[in-house]
Every structure is written in C-alpha cells, then in structure tokens.
Amino acid sequence: MNYFVIGYYALLIGASCLAAYYSVRSAFLLLFSLTLVSFIVGIVGGESALWTITICAGILALCIGTAYAFREFLVIVLWGEGSKAIKTAPLTATFGLFVIMTYAIAGIFAPIIAPYGEAEVIAGAFAPADENMLLGADQLGRDLFSRLVFGARNTVGIALLATTFAFVLGALAGLIAATLGGFFDNLMSRVVDVIMSVPSLIFALLLLSIMGTNAFVLIFIIAIIYAPRVFRLTRAVAGNVVVMDYIEAARLRGEGLWYLIRREILPNSTAPLIAEFGLEFCFVFLLVAGLSFLGLGIQPPTADWGSMVRENATLISFGEITPLFPAGAIALLTVAVNFVVDWMLFRSSGLKG
Amino acid sequence: MSDKYRDDLIDRMAVEAKRGRLSRRDFMHYAMAAGVTASAAGGLWTSKAALAAPKRGGTFRLGTHDGNTSDTHDPGTYLSFSIIQLAHTYRSYLTQITPTNELGPDAAASWSATDDATEWTFKLQKGASFHSGKPFTADDAIASLNHHRGEKSTSAAKALLKDVTDIVKDDEHTITVKLATGNADLPWLMTDYHLAMCPANSDGTIDWQSGDGTGPYKIVHNEFGVGTKLERHDGWHGEGAYFDAVEMTVLNDPNARQTALVTGEVDGITQLELKTLSLLQRNPNILVDNVPSGAAITMPMFCDVAPFDNVDVRMALKLAIDREDIIKKITFDTAIPGNDFHISPNMPYWPDLPQRTYDPDKAKFHLKKAGQENLTVDLSTADSVYSGAVDMCVLYAEHAKAAGININVNREPNDGYYSEVWLKKPFCMVQWGARPTPDVMLSLAYKDDAAWNESHWQNERFNELLLQAKAELDQEKRAEMYREMAQLARDDGGTIIPMFTNFVYARAKNVAHGENLAASWQMDGARACSRWWFDS
Amino acid sequence: MADTKKDLLLKIRDLRIEGYSDEKWLEIVHGIDLTLHKGEVMGLIGESGAGKSTIGLAAMGFARDGCRISGGSIEFDGMELTTTSESDRRALRGSRIAYVAQSAAASFNPAHKIIDQHTEAPIHYRIRKRLEAQEDAMELYERLRLPNPQEIGFRYPHQVSGGQLQRAMTAMAMACRPDLIIFDEPTTALDVTTQIEVLAAIRDIVEQFNTAAIYITHDLAVVAQMADTIKVLLKGNEVEEADTETMLSNPKEDYTKSLWAVRSFKREQKERPGGGAVPVVSVQNVDASYGDTPVLHDVSFDIYAGMTVAVVGESGSGKSTTARCITGLLPPSSGKIVMNGVEMPPGYKQRSKEQLRQAQMIYQMADTALNPKVRICDIIGRPAQFYMGLKGGALKSRVDELLDLIELEPSKYYSRYPTELSGGQKQRIGIARALAAEPNFIICDEVTSALDQLVAEGILKLLDRLQKELNLAYMFITHDLATVRSIADEVVVMKQGEVVDSGPKNEMFTPPHHPYTDLLLSSVPEMDPNWLTTVLEERGVDNIGEAATV
Amino acid sequence: MSDVLSIVLKRLGLGLITLLVISILIFFAVELLPGDIAQAVLGQGATEENLKALREQLGLNQPAIFRYLEWLGGAVQGDFGVSLISGRSVAETIGPRFAATLFLASYAAVIAVPIAILLGIIVALLRDSIFDRVANVLTLTSISSPEFFLGYVLILYLAVKNPWFPALANVNFQDIGTVELYYRTFLPALTMVLVVVAHMMRMTRASIINLLASPYIEMARLKGTPAWKVIVKHALPNAWAPIINVVALNLAYLITGVVLVEVVFVYPGIGQLLVDSVTKRDFPVVQACCLIFAATFILLNLAADVGAILTNPRLRHPK
C-alpha cells in the first residue's frame with residue numbers, strides 16, 4: 001500500500017458517493033463498477049495495473065475534454081444549420097470531427113508541420129526519441145514523426161481518392177440500375193456478383209501483379225473492388241426512393257433518366273451514401289494496409305502507414321511500441337470517421353432510440 | 001593486466017564459446033590479446049571451451065523460411081530455401097562443403113583428376129544406401145547427374161553441367177565425368193543443391209517422385225509448403241545425424257518464426273529478421289549464429305546503355321554508396337562490405353584489395369569528368385530481393401544525393417521480378433546465393449557471353465584470365481589470376497557490390513554445434529540436422 | 001350504458017407533456033384535466049396535433065420516445081403514476097390498463113401467432129396458465145364475432161384481414177380484463193363497411209365487461225356512437241367537455257361548432273354537356289393485371305370537361321389501378337384510353353410530351369408526392385419549364401401566379417422546402433404542380449383522406465374553384481362518401497376490379513340503389529348517437545360478420 | 001415452399017453462370033500475369049533452353065483459348081485437372097487445405113456468431129448507456145485494426161508474455177486429439193473472431209434498434225412486457241433477415257479472406273495455397289481455389305436469402 005493506491009481508491013469511492021448523492025445513475029454505475037474492477041485487477045496485476053487504468057482514464061478524460069471544447073468551439077465558429085447541428089452532436093462525433101480535422105491539417109500542411117523530409121535520413125537506425133525527434137527514428141534513421149505526418153497525406157489521400165472513385169462508379173451504376181430496372185439492372189447485378197465472389201485481396205493481388213504497382217493502378221483497383229458494395233447499397237437506397245410518388249410524377253411528366261437521377265433520386269439518397277462512404281473509407285484504408293503487408297502498396301520512399309506498420313510489425317513481439325504509432329494512426333482515423341458516420345446515420349434516420 | 005582479471009576474462013570467454021557464441025579463431029584471438037601465448041591459448045581452448053562430445057537423441061524441430069506449396073521432389077526444380085534445407089537432410093550429394101568451408105566427401109568418398117582437369121573420377125561410398133534399403137551404386141549417381149543434362153532436361157542446373165560431355169561407369173562404385181574443357185572446380189560444383197543423388201530407374205532416368213534419397217534422414221510425412229517429418233536413416237554413410245528425428249516446419253512469416261523460437265515451439269530457425277536481432281539476442285534462451293557468407297547483393301548497370309556506358313559514371317555510382325551506413329542500418333551489422341568484385345572473403349582465392357569507401361566528392365569528380373553533373377537514374381528493386389531491399393535503395397538514393405546524383409527508386413512487383421526486371425532493366429538490385437568458387441560465380445554472371453552477364457560487361461583481359469584460371473591446378477598462379485580479375489571488375493566492371501550478407505539464424509540454447517559453421521547455406525550449409533545435436 | 005355515478009378510476013390534473021423536436025423540449029400538452037369513472041367511456045376528439053394519443057398514452061403512465069411527462073398528476077385507482085417506479089407502472093400495463101392501437105396490422109408482431117400475442121400478458125402476470133388463456137382468448141374471439149374463433153388465433157397476423165385483426169386486438173386488450181382500455185383511432189384505417197362491424201364489436205364488449213374506455217378519434221360520427229362524454233382538444237388544450245348528447249346538439253365553443261359545420265360544403269351537380277361533346281377522358285373496356293393476377297375487368301366510364309367523376313369503392317376495389325391505367329403507368333391488357341378523341345398509347349413511355357401534359361395527378365400522401373430536397377419554386381416551376389419552356393423571370397412570375405392560385409403567398413413560400421409546410425399546404429403545392437402543366441384533366445387520388453376535416457374542406461373548395469376557373473375535368477378517387485356528396489357530378493362505384501354501379505350523383509344518392517351501393521351508403525356513420533344501433537337493427541346482427549370475411 | 005425451391009434453383013443457375021464468367025476471368029488474368037509457370041518453377045536460375053523444355057512438357061505452347069476449353073471440358077465433368085507443378089490432382093492438392101480452412105472458419109464462427117448476436121442484443125437493450133458507448137468504441141477499434149496486427153498483438157500477450165497458447169497453428173502433420181486441435185488453433189480463431197464479431201454485433205444492434213419504432217414494439221411495451229423480452233421476443237424475430245445477411249457475409253469472409261491470418265499463424269489453409277499458386281502461375285490450382293471461393297460466396301448468399309425467407313412469417317406462411 002502506498003499513497004498512490006490509497007489515493008486511487010479514495011478518489012474512486014469518493015466520486016462514486018458524489019454521483020450517488022446527486023443521483024447521476026450512469027456515472028455512479030460506471031464509477032462503482034470501475035472501483036470493483038480495480039479491486040480485482042489490482043489484486044491480480046498489482047500497482048502497475050492500476051497505473052494503466054489511471055492512464056487510460058486520463059486519456060479518455062482528455063479525449064472527452066477535447067471533444068467538449070471542440071464542440072463549443074465549433075458552435076461558436078459555425079453559423080446557422082451547422083452550428084445548430086453541432087450543438088446537439090454527441091461528444092463522440094465531435095471527437096471524430098476533431099481527429100479528422102487534425103489529420104486533414106496534417107495532410108495538407110505536411111511539409112510545413114513535419115520537421116524533416118519524409119525520406120530524409122537524420123539519425124541512426126531506431127534512434128530513440130530526443131529533442132529533435134518526437135517519436136524517434138525508424139530503421140533508416142528517418143524521423144518517425146515526420147513520416148507519420150507525410151503518411152497522413154499519402155495514405156489518406158490514396159484511400160480518399162480510391163473511395164471517391166469507387167463511389168462515383170458504384171453510385172452511378174446503382175442509380176441507373178434502380179431507375180431503369182430491367183436489363184441494365186440484371187446485367188449490373190451479375191457483374192457485381194462476379195466481382196464480389198472473388199476475394200478482394202486475391203483480386204487485388206492478381207490485378208496489381210498484372211498492371212504493376214503504382215498509385216493510380218492502386219486507386220483504380222481498389223475502386224473496382226469496392227464499387228460493387230456501393231452499387232448494392234445505392235441500388236437499395238435508390239430503390240426505396242424510386243417508388244415514391246414524386247418520382248412517379250416526374251416519370252409521368254416525361255423526364256429523362258439523367259434528370260430523375262440528378263434532381264429527384266440523388267438528393268434523397270445522400271445520407272446513407274455518405275455514411276457508407278465513411279465505412280468504405282475505413283475498409284479501403286485497411287485494404288491498402290493489407291496490400292502493403294503483402295508488399296503491393298505505395299512506392300517508397302513515400303511514407304504510408306500500412307507499409308510503416310508492416311516494416312516494423314515484428315518489433316511488436318518484443319514489446320516495442322514503434323509499430324503501434326502508424327497502426328494507432330490508422331485505428332484512430334477509422335474510429336473517428338465511424339463516430340462521425342454513426343452520428344450522421346443517426347441524424348438521417350431521425351431515429352431517437 | 002592482472003592475472004585475476006585475465007582468468008576472469010578467459011573463463012567468461014570459455015562460457016561464451018561453450019554456448020557457441022565464440023569460434024575457436026575468435027577465442028584464440030581474444031585470448032592472445034589478453035596476454036596468453038598461442039600454444040597456451042590452444043590448450044585453454046581444449047580444456048576450458050572445447051565443446052562437449054555430441055550426444056545422440058531428441059527431435060530437432062526446425063522452422064524454415066521461404067517454403068512453397070508448389071515445391072516438389074524434383075531436384076532439377078529445387079528453388080526455395082525451405083526445399084534446399086530439406087534436400088540436404090533427406091538426400092546426399094557427391095561432395096559437400098565442410099563447416100570449415102573446405103571440400104569434403106559425401107556420397108563420393110574420394111576423387112581425382114587428370115592433369116588438364118578434363119576427366120574427374122569419383123569413388124563412391126561403399127556402404128551408402130537409399131531409405132528404401134536399395135544400395136547406392138554408380139548407376140544411381142550417373143542417372144542423378146544425367147537428370148540435369150540433355151535436350152529434354154528441365155533442370156535449372158543444366159548450365160552448370162554444360163561442359164560435361166559424358167559420364168561413364170568404371171565399376172559398381174566408381175564413375176568418371178568427362179569435360180569438354182578443363183575445370184579444376186568440378187568437385188566443388190558437385191555440392192550444388194540440384195545435384196542430389198536419387199535412385200535410378202532401369203531406363204537411366206531417376207525416380208525423384210518417391211522422395212527417396214541417401215541422406216541422413218528419411219521422410220515420414222511431407223506436405224510441401226507446410227512441413228516435413230523425418231526420422232534417422234540407419235544406413236547412412238556419413239558421420240553425425242545425432243537427432244533421432246527431425247521436424248521441419250515452413251514458417252514464412254518472420255515474426256512467426258521468431259515467436260515460435262521464443263515460445264519453444266521450434267529448436268532452430270533460419271533467416272532472422274534483422275530489425276529485431278538485437279532484441280532477440282537479449283533472450284538468454286536463444287543463441288544467434290551470425291555467419292559471414294558468399295551471398296552477395298549486387299546492383300548491375302548495363303554497360304552498353306547510357307549513361308552507364310561511361311566508366312566514370314559507373315565509378316561515381318560505386319563511390320556514391322555508403323556501404324558502412326547500409327550495413328549498419330539495413331543489415332544491423334550482419335554483412336561485410338563488398339568491394340565491387342564478386343569474391344567474398346569466405347571464398348577461396350579472395351584477393352585482399354583496398355576497400356572502396358563512400359566518397360561523394362570523388363564521385364562528383366568522376367561525374368564532372370563524364371559530363372554528367374546532376375545525373376538522374378532509375379533503380380529497380382523489390383521487397384522480395386532481400387529483406388530491406390527497398391529501404392536499402394532508398395538509403396542509397398539519400399547517399400547519392402550528396403554526390404549530386406538523383407536516384408529514383410522503383411519498387412517493382414515481387415512477383416515476376418526475376419523474369420521481368422532482372423536482365424531487362426538497366427539498373428536494378430539482385431541477390432546472389434553463395435557459390436562455392438570464384439570460377440563458378442564469375443563464369444555465371446561476368447563472362448562476356450554468359451546468359452546472365454547481368455551488367456553486359458565486356459572485358460577482354462578478364463575473359464581471357466577466366467578461361468586460364470579455370471583449368472589451372474597450380475593454386476598460387478590461380479590466386480594471382482583471380483586477383484587481377486578482381487581488380488578489373490572493381491575498377492571497370494558494371495556491378496556495384498555493396499555487401500556480402502551474413503547468414504543469421506538462431507537456435508535454442510540446448511542445441512549445440514561444432515566449432516565452425518559452413519558459409520554455403522544457412523543452418524551450417526543446410527546440414528544442421530545432421531551436424532548438430534542437443535546439448536542437454 | 002349505465003348512467004349511475006360510478007367509482008372514480010382515473011383522475012388527471014394539469015397534465016403537461018413535452019416533446020423533443022428541433023433540438024429542444026417543447027410543451028405539446030398544456031395542462032389537461034380528465035376524470036373517468038369505472039365503466040365510463042370518454043371520447044377524445046381533435047385534429048392531428050391536438051395531443052389526443054399523447055394524453056391517451058399518458059393515462060397509462062407512458063410517454064413515447066422523444067416525449068416526457070413534465071408536470072401534473074395522473075392518478076389511476078388511487079395510484080399516482082407520475083411518481084411511482086417504472087416497474088410498478090409497467091405492471092399496470094396490459095393487466096389493468098390496455099391499449100388498442102390505430103393500425104392492428106402494424107401493431108401485431110408479424111413473427112408470432114395472434115393467440116400467442118394474446119396470451120402473453122395473462123401468462124406474464126400469472127393470471128392464467130397458457131391453456132386457460134388460450135381458451136379464454138377463443139371465448140373472447142367468439143364474443144367479438146370473429147369467424148372460426150377456435151382456429152383464427154393460430155394464424156399469423158398477415159393471414160387475417162384488417163377488420164378481424166382490429167377485433168382480435170380488442171380481444172387482446174381484454175385478455176386480463178382491464179379496468180381501462182385506451183382505443184387510439186381503432187377504426188380509422190378501415191373501410192366503412194368494416195368499420196361498422198368493429199365499432200359494434202367494441203361497443204358490445206366494453207358494455208359486457210363494464211370496462212372504462214378512452215376513445216380517441218378525429219371522426220365525430222364515430223365518437224358519437226361510442227362515448228358517454230366527449231372532450232374536444234385543440235393543440236394540447238382542452239376546448240370543452242360535455243356528455244355526448246349535449247355536445248352534439250349544443251356545442252358551446254366556436255371551434256367545436258366549426259368542427260360540427262364541416263360537412264356543410266356542397267355544390268351544384270353539373271350535367272354532361274350535350275350535343276356530341278367529346279369526353280376529355282374515356283376509359284373503354286379496360287382490363288388490367290399485375291403479373292398473372294387480374295385486377296381490372298371491363299372498366300368503362302367517360303369524363304367530360306368541367307366535370308368531376310368520383311370513383312368510389314373500398315380498398316382493393318381497383319380505383320387507383322384505373323388511374324394508373326389512364327396515366328399509362330400500368331398499360332391495360334385490353335381496352336383503350338381515349339383523351340379528347342385521341343387514343344393514347346398504352347404505356348406512358350410511348351406517349352408524347354404533349355399527351356403526358358394533358359393528364360396530371362394529385363396524390364394522397366403529400367409527404368411522398370413532393371421531393372423533400374427540392375424547393376417549392378422548383379417543384380412548381382419544373383413542369384412550366386419542362387412543358388412550356390419558361391425561363392428566368394417568366395418562370396418566376398408563372399410560379400408566383402400558381403402560388404396565388406392555390407392561395408399561398410408567393411413571397412413567403414417561394415423558396416421553402418416541403419418539410420417546412422403543413423399537410424394542407426403541401427397538398428396545395430401538389431395541386432399547383434399539376435396546374436403548372438396546364439392540363440385539362442386531373443386525377444385526384446384520395447387527396448383529402450390524409451388531412452384533417454377543416455383542411456380537407458379547404459382543399460375541396462380550392463379544387464372546385466379551380467375547376468370553375470380553368471374548366472378542368474377531375475377524376476376523384478375516394479372511399480369517403482361525404483366527399484363524394486360534396487364535390488362529385490357523377491359517381492362510379494367499383495368493387496373487386498369491376499364497375500358495379502355508375503350514374504349522376506343525385507341518382508346515386510337516391511334510392512333505389514344497387515345493393516353494394518346501398519351497403520356502402522348505409523355504413524357511413526352519422527352524427528346521431530343512435531345511428532349504430534339503428535343500422536344494426538335494420539341489417540340484423542348476423543349481417544355484421546359477412547362483409548368482414550370478404 | 002415451392003417458391004423457395006424455385007428461387008433456390010434460379011439462383012443456383014445464375015451462380016453457375018457467375019462461376020463460368022469467373023473461370024474465364026481468372027484464366028486470362030493468370031495468362032496476363034508477367035512471367036509464366038516455367039519461369040516461376042525454375043526461378044532465377046533458368047535458361048532459355050530449360051524454359052522451352054518445361055513449357056513443352058506442360059503443354060504451354062498450345063494457344064490459351066485451347067487450353068482454357070480443355071480445362072473447361074474437364075471441369076464440366078468434375079475433373080479440375082492436375083497441378084502443373086506437383087502433378088497431383090487438384091482435388092488432392094486442395095482437399096486437405098480446404099478442410100483446414102473450413103475447420104478454422106467454423107471454429108471461429110461457432111464462437112463469433114453467438115457472441116456477436118448476444119452482445120448485439122445486450123447493447124441494443126442498453127442503448128445509449130455508457131456500456132453501449134464503450135462497446136461501440138471497442139468494436140470500432142477492432143474493425144479498424146489490420147488483422148495481421150491484431151494477430152501479432154494476440155501472439156505477444158497470449159503466447160510470448162503469457163505462454164498460454166501456442167503461437168503456431170501448424171496442425172497439419174501431427175497426430176493430435178480433438179482438444180489439442182482446438183487448443184492449438186485457438187489464437188488464429190480468436191483473431192478471426194475479433195475481426196468479425198464487431199461487424200455482426202453492430203448489425204444486430206442496428207437492426208434491432210431499427211425496429212424499436214415499430215407499432216408492435218410499442219404495443220408490446222404497452223402490454224407491460226419487460227424491456228429484455230421486448231427485444232428478444234418481439235424485435236429479434238423480425239430482425240433476423242439483415243442479421244443473417246451480415247452473418248453470411250462474415251462467414252464468407254472467414255473462408256475466403258483470411259490469407260493474412262494464415263500467414264501470421266502458419267496455418268495450412270487454402271488462402272496460402274492460393275497465393276503460392278498465383279506466384280507459381282499454377283493455373284488449375286488457382287482456378288479451382290477461386291471457384292471454391294466464389295461458390296462459397298454464392299452459396300452463403302443464397303443461404304442468407306433462404307434464411308431471410310424462412311424467418312419471415314409472411315413468406316413462410318403464405319395466406
């Protein structure tokens with residue numbers, strides 16, 4: 001027993017009592033179950049386990065604080081609809097927005113933010129962190145932090161482009177299929193069946209081997225792989241819109257296909273499509289990382305997180321945290337995007353569940 | 001230096017040596033440095049550090065890299081490292097490279113040549129037998145070699161035996177190999193991993209399909225790309241084979257290999273991930289073997305394609321690479337610097353020429369001389385060439401910047417690299433396995449008319465010397481010739497050889513091996529299964 | 001119904017309920033008082049948004065998601081529901097207070113058999129064992145005059161017709177013999193002929209078990225049959241409360257009076273123009289089918305310029321399908337559609353822009369008929385732009401003109417989105433969109449049935465005015481005979497895909513009728529509290545079950 | 001029921017056409033790959049002469065279309081040819097690998113599906129509570145982690161730091177008992193469970209919550225049914241269709257998408273075989289693997305649709 005452990009439990013129990021007194025039910029449940037869990041974990045794992053819990057709680061609190069502050073900031077900065085929407089957004093969503101914004105800034109201003117170039121060798125292999133290098137160096141002695149920042153630009157950029165391309169392809173085909181029905185619909189559905197029945201990693205492997213690895217081919221192939229999923233969703237969503245009376249009215253007016261799609265169907269299908277965009281973005285991201293794992297990713301010395309994870313993945317077996325940074329960067333972004341997507345889905349469904 | 005300190009040092013070194021971390025040569029070196037006389041040091045080695053006599057027993061579980069589902073028993077198509085490890089375990093060869101990198105007998109007990117080295121006679125081991133029980137005879141040896149010859153042969157070793165005009169059976173246990181031109185290295189060639197001994201069919205072909213062999217262990221169960229279970233072949237003709245059984249598992253993922261060793265699921269693994277080498281070495285239960293080898297990384301430049309057709313450009317590119325930095329960062333000090341000629345210190349006839357070093361200024365000078373300031377070149381590579389190949393080229397590009405050379409690194413697909421990039425792109429990166437003698441290596445990739453003359457280098461004097469040296473049985477003269485050839489390749493040739501990579505593999509601490517380790521393949525010349533033993 | 005003063009069952013005082021919308025809590029029920037005694041039936045009446053259902057649910061101590069009870073007291077049989085725990089409140093639901101929802105088809109779980117849903121509450125509250133509960137259910141089914149009471153409970157909800165489901169739901173509410181049942185518009189979704197049976201069944205069972213009830217509806221004639229007292233609500237406030245007789249004969253408040261006066265709109269019946277005038281639309285011997293299922297058989301009628309033809313019939317009678325044949329959405333399998341003497345191509349895709357322009361349509365659900373993501377000006381402007389090629393200022397002034405025509409102020413509505421409008425306003429936009437094409441024929445598909453009565457009245461008047469001004473021909477599809485009475489010139493009665501009766505309105509509403517027309521007409525509830533009793537007596541009680549089995 | 005049968009038959013027919021198209025695509029994709037089987041087999045050390053001999057031996061000098069038709073002719077009769085490299089029949093080559101993959105997939109599925117649905121129900125019940133949020137974040141994180149990385153982390157904590165499970169799942173050539181088999185393959189199964197549970201759980205939650213606004217759910221609540229019963233008895237039976245769909249999708253993934261897990265844990269599954277065969281250009285094996293994958297996908301999708309029909313009382317008990 002030392003002061004830390006005593007303080008730890010005192011704080012938890014005190015906070016539980018406070019929560020109970022002010023009958024904040026969920027907070028009390030959380031705090032008290034944390035206390036109980038701590039007893040068990042503390043007995044098994046000792047003081048270090050409690051430290052871990054404290055640090056996790058601290059990080060969580062920091063995230064919540066950031067999200068809260070960012071929400072207030074956005075409410076003040078934005079105007080009209082935006083401000084109103086943000087005001088009621090859950091903290092997870094604003095946290096997601098905050099992360100996405102951070103990444104965007106990192107990506108756009110990478111050369112300004114990163115202290116060194118992405119290929120610049122400045123230190124020895126795996127040099128530890130010092131005042132020059134925030135996160136230390138990688139195997140070639142390049143600054144890990146700089147590469148992370150540049151990786152944001154490259155990895156996110158490629159994933160974003162590929163997803164966009166997939167959406168343009170898939171959504172367009174889906175909209176046309178839903179509107180026209182009949183032969184085109186059947187044809188596209190078969191094509192999609194074919195593409196989807198070949199496992200995506202194998203598909204990518206074959207195509208990349210045939211066409212060679214460069215960023216454009218990569219984007220193109222990923223788009224082909226993911227377009228069918230977008231197609232299916234768009235077709236389903238647009239299928240619900242197409243039966244609406246206003247579509248019937250437009251058809252009876254004699255409107256053409258393009259008008260129907262552009263003015264009548266698309267505006268009413270955007271919400272689920274945007275949500276899907278977020279999800280697909282994450283999957284694309286993971287696919288790029290997976291392809292990098294198989295050595296079919298982005299050209300060196302361009303920094304991309306997938307390759308960075310792969311390059312250093314074996315270090316994790318020795319408890320080194322170097323590979324955790326890019327993996328964490330991937331996970332953080334996908335989680336953030338999904339937070340925002342969840343929120344948007346919630347808003348678009350109007351479900352107050 | 002006090003006696004007390006010296007004794008401590010010797011004791012500690014002895015412990016290291018017993019664990020196999022210190023070779024006899026190193027032990028002697030350090031012991032003498034510590035003030036012990038040579039003879040005394042030798043005595044110390046025998047008394048303190050000499051390894052315990054090999055013990056028999058146990059199942060040796062070996063994790064190998066680069067195993068493929070499509071591997072086969074056909075020695076002509078042996079390719080993956082995994083199958084090479086296996087081949088040396090269940091089959092045998094006429095000759096072998098010993099742990100001290102000398103030529104030793106295997107299925108052939110002795111050999112001799114005519115003076116012009118055009119006819120070689122091999123006397124086969126009399127007691128050797130196949131796993132099936134069939135005795136090993138001259139017919140089997142001849143059929144096994146002929147498998148790699150002739151019109152219809154699909155063997156990758158065909159080129160190796162192209163000078164062989166005939167193989168005749170002198171008696172049941174003697175064969176004679178006849179050559180078109182003299183070759184002093186023929187017995188060395190017989191160590192090539194393709195030339196495994198297989199049982200002959202009556203029509204003179206071999207039965208490779210059954211997986212039978214004359215090696216120390218026989219296959220009990222095998223699934224290519226997955227693993228093989230073997231047990232000792234009691235009728236083996238050689239020494240060793242201390243383990244009762246061997247289990248080889250294909251562990252392609254470097255992390256999986258290391259984890260398996262750390263968790264004790266295997267007793268030895270090939271090819272360590274160099275990044276984590278230092279971390280792995282901290283583990284007291286694991287011993288790492290770091291063996292200098294003849295395996296080289298080369299970067300051939302087409303000498304008939306601009307800008308590489310200019311010798312100054314070639315020189316500038318050779319000077320613009322910081323070999324020390326690459327060895328440190330890419331191989332983590334598990335390589336020895338190359339000197340732009342393809343003879344490693346572990347090969348016979350190695351000439352001790354001055355080491356070329358990183359000199360961007362001198363590179364600039366050569367560029368200026370060639371009128372190629374602000375040179376830009378494309379360098380092709382792929383991850384599969386060598387672990388860290390892409391990183392290495394990127395690092396090279398960084399080094400070259402200081403000399404005003406701009407190198408664009410192109411990562412090519414792993415798949416089909418050797419068919420689409422190598423010999424096709426003017427500047428690329430290649431990994432060469434160890435070859436037993438300089439002649440084999442130089443004839444293969446530096447001879448003017450060789451199919452794999454990867455740099456398209458043509459040098460009359462070099463080619464002349466190559467032919468002379470090949471048939472020269474006088475060692476001194478031969479060494480002198482190789483020295484001159486090395487000088488030519490170093491200063492005029494089109495190949496940058498940044499380094500000779502070491503074999504780095506690991507074993508559990510209860511696995512022991514002899515004083516030296518062969519430099520021909522990983523795992524003691526791929527013969528760990530028959531040479532090593534369990535210590536406790 | 002017994003008249004004696006009974007024991008107090010439910011006492012609501014100053015009930016306030018808030019709803020969450022536009023990111024804040026707004027009060028939607030502003031201090032309602034309500035007193036109900038055992039065995040008493042109270043009718044809650046009001047337009048949509050009056051808070052009827054919300055109050056009904058609050059009587060069970062229940063607030064929907066997005067609603068909360070923010071003040072007042074609800075005392076049920078001596079228990080204060082606003083302060084008791086949720087589990088105590090839950091224990092009341094199903095056992096002592098039961099609920100009958102508007103749409104039985106949606107409120108029965110499609111995954112379970114009817115009887116299993118029926119017995120859930122009694123088994124849960126350990127009032128009866130499973131077999132007892134099932135037997136009790138069958139008995140209730142019998143009392144509610146469901147066909148095959150022994151067997152019907154073992155069907156799945158989708159295998160049973162709407163009227164039967166509504167009665168099964170009433171039976172389910174009775175399963176624990178509750179003290180109070182909340183009926184939330186139980187007959188609104190039903191056809192008139194079905195409605196009458198359900199009403200009779202509900203009234204009987206409530207009387208038999210002496211159950212107190214709150215009957216929520218927007219239909220005065222219906223509530224008149226069911227309730228002992230009536231409470232009129234408007235936007236979460238009480239307008240007035242009185243016993244049924246008084247309320248019907250002598251309403252005090254202006255709002256109540258206006259509700260009562262709704263059905264006053266009537267207009268002159270016009271005659272067909274003589275002298276070989278060509279009908280605007282002539283439907284000639286049309287047959288149609290969905291896939292292999294025939295839905296229309298030999299349908300023929302004519303519509304002349306400036307006239308309104310009402311097509312009436314119950315759901316599934318083929319009214320809307322006829323409209324789809326006329327517009328070409330469903331090409332007829334035989335027969336033809338002739339407009340102004342010209343035979344139309346069967347499918348709309350083959351019709352020319354000009355042919356398409358002539359016939360326009362107004363839909364029942366304004367919510368789905370207007371694209372929520374398009375501004376009003378674009379919704380109305382598009383046909384004008386598309387057919388007339390109007391652009392820029394000309395387009396804008398045309399839109400303004402149209403907005404004027406439908407009595408919406410142009411400057412206020414020009415750039416709004418449909419979601420910002422009320423139901424009636426949306427329906428007007430739908431009309432304006434049809435008018436923008438300058439058609440000579442408009443199909444009105446149940447255009448008033450989703451609207452409150454006062455609003456519907458306004459729409460009917462507007463349509464009438466437009467017809468006069470623009471000499472339009474209307475095909476008016478409806479199931480509501482009151483609407484037919486007020487607006488139609490000619491009536492076409494349809495049943496199961498065939499025209500069973502047709503003729504000028506006055507003839508149709510004067511006996512002798514075709515038997516089916518008679519059934520339809522007599523099933524329309526009237527403002528007389530004794531109407532239901534009278535009709536049932538006239539028909540003979542046995543008659544009730546028959547139509548329901550159709 | 002005959003409706004279901006006719007749907008199944010129609011879909012099977014379409015599936016066959018899809019398989020045919022895939023076989024054409026794969027064949028020509030393999031043709032287009034740089035290098036050919038001869039180069040891949042003989043490797044870096046091959047000479048032109050060698051290559052020619054080998055090509056002739058394998059019949060590669062015939063035109064591509066001819067070789068495809070020959071293969072197709074065999075395939076129609078159930079003979080998928082022999083591996084060009086080992087000379088063994090394709091069925092013999094793939095059989096044990098596919099069995100291994102199926103075993104691991106079912107192992108993971110048996111753990112993952114019940115857990116995912118159970119968790120989904122619990123989270124739907126506790127929606128918007130702190131537990132829901134935590135589960136949301138955790139599942140998102142597990143979806144967002146590259147699976148090879150997940151595998152490495154599991155190895156670190158469950159095999160290296162705490163030697164509870166073996167890091168290798170090389171179960172191929174050891175004669176081991178059932179319990180041992182499950183024990184050895186636990187880590188790869190766990191990795192796959194982590195990868196798929198999140199997706200299925202989120203879908204379960206979403207489909208249940210989607211239904212909570214239905215009138216019959218309100219009705220159930222107004223009958224005094226407890227919250228958990230509302231979810232389990234009233235919402236879940238109607239939510240099966242989307243859940244089954246996502247389960248089928250994930251099952252397909254467990255069979256077809258786990259190459260990386262196989263690599264990390266050295267599990268002798270079909271994915272590794274496929275990748276090897278692609279690098280070696282062993283067309284018959286590649287073709288057979290791809291067709292197995294495609295057939296799996298098609299059949300699982302079909303099963304999902306049939307499942308959706310069977311759990312829908314409207315379709316199960318027509319009027």
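Modeller: UniProt positions are given in the numbering used here, feature names are shortened, and annotations may be inferred rather than shown by experiment. This is a predicted model: local features need pLDDT of at least 70, side-chain atom pairs count only at pLDDT 80 or more, and totals for chains, interfaces and linings use all residues. Residues are numbered from 1 along each chain as written, chains are lettered from A and ligands numbered from 1 in written order, and side-chain values use heavy atoms, without hydrogens or water.

Colleague: Where does UniProt place "transmembrane region" in chain A?
Modeller: The unreviewed entry lists residues 6-22, 27-44, 50-70, 91-114, 156-180, 201-227, 273-298 and 324-346.

Colleague: Switching topic. How many residues of chain D are in contact with chain C?
Modeller: 22, against 29 residues of chain C. Contact means heavy atoms within 4.5 Å.

Colleague: How many salt bridges across it?
Modeller: Two. The rule wants a side-chain nitrogen of Lys or Arg within 4 Å of a carboxyl oxygen of Asp or Glu. One of them joins D:Glu218 and C:Arg64 at 2.6 Å, N to O.

Colleague: Which elements of chain D give two or more residues to that side?
Modeller: Helix H10 (215-222), helix H11 (227-256) and helix H15 (313-316).

Note on methods:
Helices (H or I, at least four residues) and strands (E, at least two) are DSSP runs, numbered from the N terminus.
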